[in-house]
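Subject: Structure for your review

Dear colleague,

Please find below the structure that I am handing over to you.

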Amino acid sequence: MTSIDNPLRAEMTALSNRHSMLELGGAFVPAMVEESWGSYARVVAAQLASLASRGHLWFFYGGEYGGPRGLQAGLLPDPADDLRSDERQLVDLLFGDARTIRIAQRNRGYGWDDLAAGVRGALREQGLGWLRRDRYRLIRRLMSLRKSMCDRTRSGLRQWGDDPELCRAGVPFAVLFNIDTGAYHWPQAPEEELWVPSMLSWACDMAMVDPR
Amino acid sequence: MTDAPETNGQTTAASDPLDAAEWRAGDRILDQYEIIGSRRGGMGIVYRARHLGWGIDVAVKRPQPHRGDIDTRQFVHEARTWVGLGLHPNVCHCHYVRTIDGLPSIVAEYVDMGCLADWIRDGRLYQGDRRQVLARVLDIAIQTARGLEHAHANGVLHRDVKPANILIEADHTVKLCDFGIAGAYRSASGTNRAYRGTRHYASPEQAAGEPLGPASDLWSFAVSVLEMVVGGVTWLAGPAAGLALTERRSEGPLGAVPEALTDLLSRCLAWKPDRRPGDMSEVLPALLALFAAEAGRPYPRTPPAPARPRADELNNRALSLLDLGRPDEARDAFDEALAADPRHLEASFNRGLLRWRAGEATDDVLVADLRAAQANGAEPTRVRHFIDLVERERGPSSPWFSTSVTRELLQPEAALSPDSALLVIGESTGKFRSIDTEAGTAVRTWFGPDDPVRVIRVDSTGRHVFAASIRGAVNCWELATGLRQGGKGGTGAIDSRICVAADARLAIETFSMTRRRARVWRIDRSRPAHRLAVTGPTTAAAVTPDARWALFADESGGVAAWDLIERRRRFALRVHDHPIDDIAIDPHGRYAVTTAEGFEDYTARVLDLREGRLAAVLAGHRAPVSALAVSPDGTIALTGCGDGTVRIWDLAEGVCLRLLTGHTDTVVSADLADAARGIAVTADTAGATRIWELASGRCLRTVSGEAATISKVLVSATGRLVVRAGRGAVDAWKLTASGTAPFQPCRSRTAIELSDTDALVGGLIREALQSNEKGDVERALTILQTARSQPGHERTAEIMAAWHRVVPATGPGAFRTAWVSRLIPGSDGDRVNDICVTPDGAHVLTAGPGNAVRVHAFDSGELEAELTGHTDTVLAVRADPTGRFAITGGLDGTVRVWDLRSGEQVRLLTEPHGSVLTVCVTPDGLVAAAGSEATVRLWDLATGSLVHSLADHFGRVVALSTTPDGRDLLVADTASVSRWDLSTGRCTSVPERLTGIGLAAAAVTADGMLLTFEFPDRAKVRVRDLSTARFVGLLEHSRSAGHLSMAAIPGTAYALTAESDAVRVWHPAHGRLLGQIDSPPGGARAIAASPDGQHFLTAGDDGAIRIWTIDWGSADPQG
């Protein structure tokens, strides 16, 4: 089945091509099921998952298991595509000059505010500011996508091997919609291909708010 | 073959030779020999017997039972001489020697056509015309001379050459026998020995009792020939035979004796030895010329070369030497047998049995060797039979009884009553059972607090059992009724520890974390009897059953000794510099033994309680002491160690009585029987429980169990019952006198058979190599397979050398098996951290043990050089592509380059990032890479300058390797494998990314497959194609505890993985397991393959390096 034959994947691809996950998340925040203080972390986690699926970085625990506080990320030297400006900003914010970082320790204070402000500005520039019709349309598309993905997980799409292309495209959205874990969750990739840890958004949250 | 318990010094129904009766026709001996007839000789009785296992007739020669000790000694001398003589077509072959009914018995080739004396006497020698008779006489003379020439070449004088000792086969092949008074002339020369021999054939010097040489045998030989010529003995004594020759030149069966023969005999019968021919090699040409002249044709029998004994014969020789009281020579012969055929079943069994009984190897190693022989094609029924023999000697590994217990996190506790009649088990659920150890049935079940049991004690009367729980509750029950007799509730303190003095009915509660004071409870009361002025934290405590001695250890390493009955402190001592971890106390209150916590104090210390002093420091372990026990009689102690060794100590003298080796992991539990019984039992974290016989240091029995669990082991004071309380079950074994497994001889072949096979195989090898040179590899392999199917030639060095020359032409195919072809011994604790072979295959380089790099010759295993200079442990070693230099790195943070020819250090490259964990050299030999914590540095080997520093790796660098094209460097750190351009020093990709808690090993095959595995999932090795970064699959195998190391086999698409249970050979690109062999003793801490792909090396925790020969099949059956 090609992407054109698969409307779900076509929708994911269309959204991803047009917007970064930071932008999509920024628009989707009001509709998220997350507590407000956790929503930003989940948006960032979805963006990191997108970068991981595109070969820009990978996640690992490395050496010892320490829960979300021990989760690390490493930059890869041979990504498949280029970073958008907000993605570049996020990578710079997280990694600085390092190749590998412990996510929860990247507490950069105003850097996160600057990133959020940048995303809001980008949305405004694209006509997706508050009270704009297109913003509501985008939110509705995302809610529709979330429903479709949830339906899909409940209707039998359980294994990555059933449709790897669709599953891969859905990974960042699954993180954004908080269906990456749980009883009915979006299929997880074989670890040797792509690994998005379930505690990613928690680690991102620690990076933003945990003073340690 | 028989399994009757008879041989090699161990058996026998009648061990006193005087009780041994002569055998009669029809007797069946040991179910192995059926007596057909007998004949009395000078040195003993020769029985003709049917060997029931081999289906052939043999001659069994034994001393006459009632001739006494001198005769037996002479007989043993004969046997030794004969066994040492080797194989020759004209020497009667001694199959082996074994002790039967207390008498040494030579089992030899049976020659059925009688001896030359018979032939002379009954006229068979003289049938036919004169020419035929003369040819027959000369034929016999020539063969006899050849046999004597062989004996003399081996330094053996026959001393009794005569027609009665010259046997003749149906095809007139002559065999010299009866080396009854033979001796090594090299050692005998110059000494005056009493005359022995046969009067009519003795040389003048022999008759005079003077020192003898080959000339004496030459005289006797000439006399024997003269007898053939003359037709009988016409002289009174050997020295007079020369005169007889002159008198009887024209008479006798031959009529006129040829002049040339007369001249030859005259020279041989010269009175003075120095006037005779020097040796048989001077006589033989004359005899051959005489034969050609008289018979009118050349002598038809080709000169026989001494046959080369194969593994079968060497095994028999070793057994014979063992029976003859030469154990060291026997070991050498076993080694020779296994060098000739590394998987020889009988030799593996016999040598393993010998080593096991000497305490040099454990029973499970012996069984593993036998299974390896089976994996190599040995007949399964024979292997099973041999394993059954081992089982019989060590006793069944299945328990006498087994009791299921609830499978909980904490193992059950157990204790034996003083008479061992009852076993009390306390489960972590609070359920108690008493088991009748004789019947193995539960006698009573009762319940205590719902709380895991920590301590169980039975008092010396055997009437009461006391149990303390993990929360500090102590209860007493009457064993006969199960009725509770008192107790106290738990305090609930998480740091509470209880010691029970069962006979005094006291319990002591101490606290390991808080400063609470120790309390003494009377078990029949619910309130503390009193508190002691022992303030916590108390790191360890122990008490004698009568409570006269209680010891409390504090955090400073000090011990306070108290008398709980009189409530007074007896003394206090500083024993260790670190907190004390464990105390074992002699029940009689004479000694106590302590061990310390942490990784700095590897000693145990003995306290003399009566004198209140430190009596001894028990030093010798190379890792922390992890198990401790004192025998019930208080005379010996046992310490078990993190390095798997166990030591037995004399408490009074403070000396190590015995070192027990065999455990492959940390010893965590141990117990001792009384010293007189000499039994110990130990358990390790790999799940193995071992029962030891202290007198010999031998591991009587190994019982495997669940890995990663800590089982408590017990042995009764009498040493007759061993108990293991493990997770899910409590098992008990009875130690009773077991049968002795007999050593196993092989059916050996005669010299002619061996020579014929050698000639056949030699021809086949030549033919195969010729075919190989012509490019017909398939035919070459077919021929070699035919050669390998010949008995004794399956794995000989010659065949394997030819095989290894031909197989690479097709590429290694199916993995058949591998065997240890060379062993470089080491000692426990001397661990080798890394190992490699130089590209020319000439040297083996090892990193460690310690601060040294060792260079061994690959072919011989001999230590050629020790490269010293590192100031701390060497962790990594590699050779450069020329094989001239070695590059090493270690904990001292340096990289050093060594010239292997001179052994000198030629370059010192300092590494500012701490320890150097791994090193690598680029294929062009220009650059060395050294990995340390998070950094890899590239050095120009020619100038010693730093080329690149590849930083920002995650964690420590685990492995370094170049890609097959040599352009990139692969760096494996704990989280990833990254690829770096060697010319630019830039990271170009991260082909493998790991998510677990750490990458542990990596390797790259010649076809570009990257292999990695990470903790904790060591059962799966991940394979990725480096060219496409595509994930290929997982190499999945059985999960086992222990370290895993990996190595690619150069020039092939294959790789090796080594774990504690097996070494496996893989085709990673296909995800296929090609084969596996059991891991060697000590496991394989490091593994490397030789550059030609025909060998691999393992370095184990036992310090030994094993060089394995791989037996590749000719073609990979699955492509």
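Are Phe1096(B) and Trp1108(B) buried or exposed? Phe1096(B) is buried, and Trp1108(B) is buried as well; buried means under 20% relative accessible area, exposed over 50%, and partly exposed in between, with a 1.4 Å probe and protein chains only.

Before the details, a note on conventions. This is a predicted model, in which local features need pLDDT of at least 70 and side-chain atom pairs count only at pLDDT 80 or more, while totals for chains, interfaces and linings use all residues. Residues are numbered from 1 along each chain as its sequence is written, chains are lettered from A and ligands numbered from 1 in the order in which they are written, and side-chain values use heavy atoms, with hydrogens and water left out.

Chain A

Chain A has 8 helices and 3 strands; helices (H or I, at least four residues) and strands (E, at least two) are DSSP runs, numbered from the N terminus. Along the sequence, the pattern of chain A reads α-α-α-β-β-α-β-α-α-α-α. Chain A has 212 residues, of which 53% count as buried.

Aromatic rings

Over all chains, the structure holds 15 aromatic pairs. Rings of Phe, Tyr and Trp (its six-membered ring) pair if their centres lie within 6.5 Å; planes under 30 degrees apart count as stacked, over 60 as edge-to-face and the rest as tilted. Among them is the pair of Trp58(A) and Phe60(A), which is stacked because the ring centres are 4.9 Å apart and the planes stand at 25 degrees. Trp58(A) is buried, with a relative accessible area of 5%, and Phe60(A) is buried with a value of 0%.

Phe1096(B) and Trp1108(B) also form a stacked pair, with 5.3 Å from centre to centre and 10 degrees between the planes. Phe1096(B) lies in strand E69 (residues 1095-1099) of chain B and Trp1108(B) in strand E70 (residues 1105-1112) of chain B, so this pair ties together parts that are 12 residues apart in sequence. In chain A, ring pairs link Phe28(A), Phe173(A) and Phe177(A) into a cluster.

Charges also sit over rings: Arg357(B) lies over the face of Phe743(B), at 5.0 Å from the ring centre, and Arg788(B) lies over the face of Trp803(B), at 4.8 Å from the ring centre. The criterion is that NZ of Lys or CZ of Arg is within 6 Å of the ring centre and within 35 degrees of the ring normal.

Strands of chain B

An open sheet of 4 strands in chain B has the order E16-E17-E18-E19, with antiparallel pairing; two strands pair if DSSP finds at least two bridges between them. Its edge strands are E16 (453-458) and E19 (484-488) of chain B, each of which pairs on one side only. E16(B) is joined to strand E17 (residues 464-469) of chain B by 5 bridges, and the two run antiparallel. In this pairing, Val458(B) stands opposite Val465(B) in E17(B).

Strand E21 (residues 506-511) of chain B is largely enclosed by the rest of the structure, because 6 of its 6 residues are buried. In a regular strand the side chains alternate between the two faces of the sheet. Leu506(B), Ile508(B) and Thr510(B) point one way from E21(B), while Ala507(B), Glu509(B) and Phe511(B) point the other way.

E21(B) has antiparallel partners in strand E20 (residues 496-501) of chain B, through 6 bridges, and in strand E22 (residues 517-522) of chain B, through 4 bridges. Val500(B) stands opposite Ala507(B), and Leu506(B) stands opposite Arg522(B) in E22(B). The hairpin of E20(B) and E21(B) has 4 residues between the strands, and Arg505(B) takes a positive phi near 55 degrees there. The hairpin of E21(B) and E22(B) has 5 residues between its strands.

Cysteines

How many disulfides does a search of the whole structure find? The search finds 0 disulfides over all chains, a disulfide being a pair of cysteine sulfur atoms within 2.5 Å. Cys746(B) counts as buried at 3% relative accessibility, and Cys987(B) is buried at 17%.

Yours sincerely
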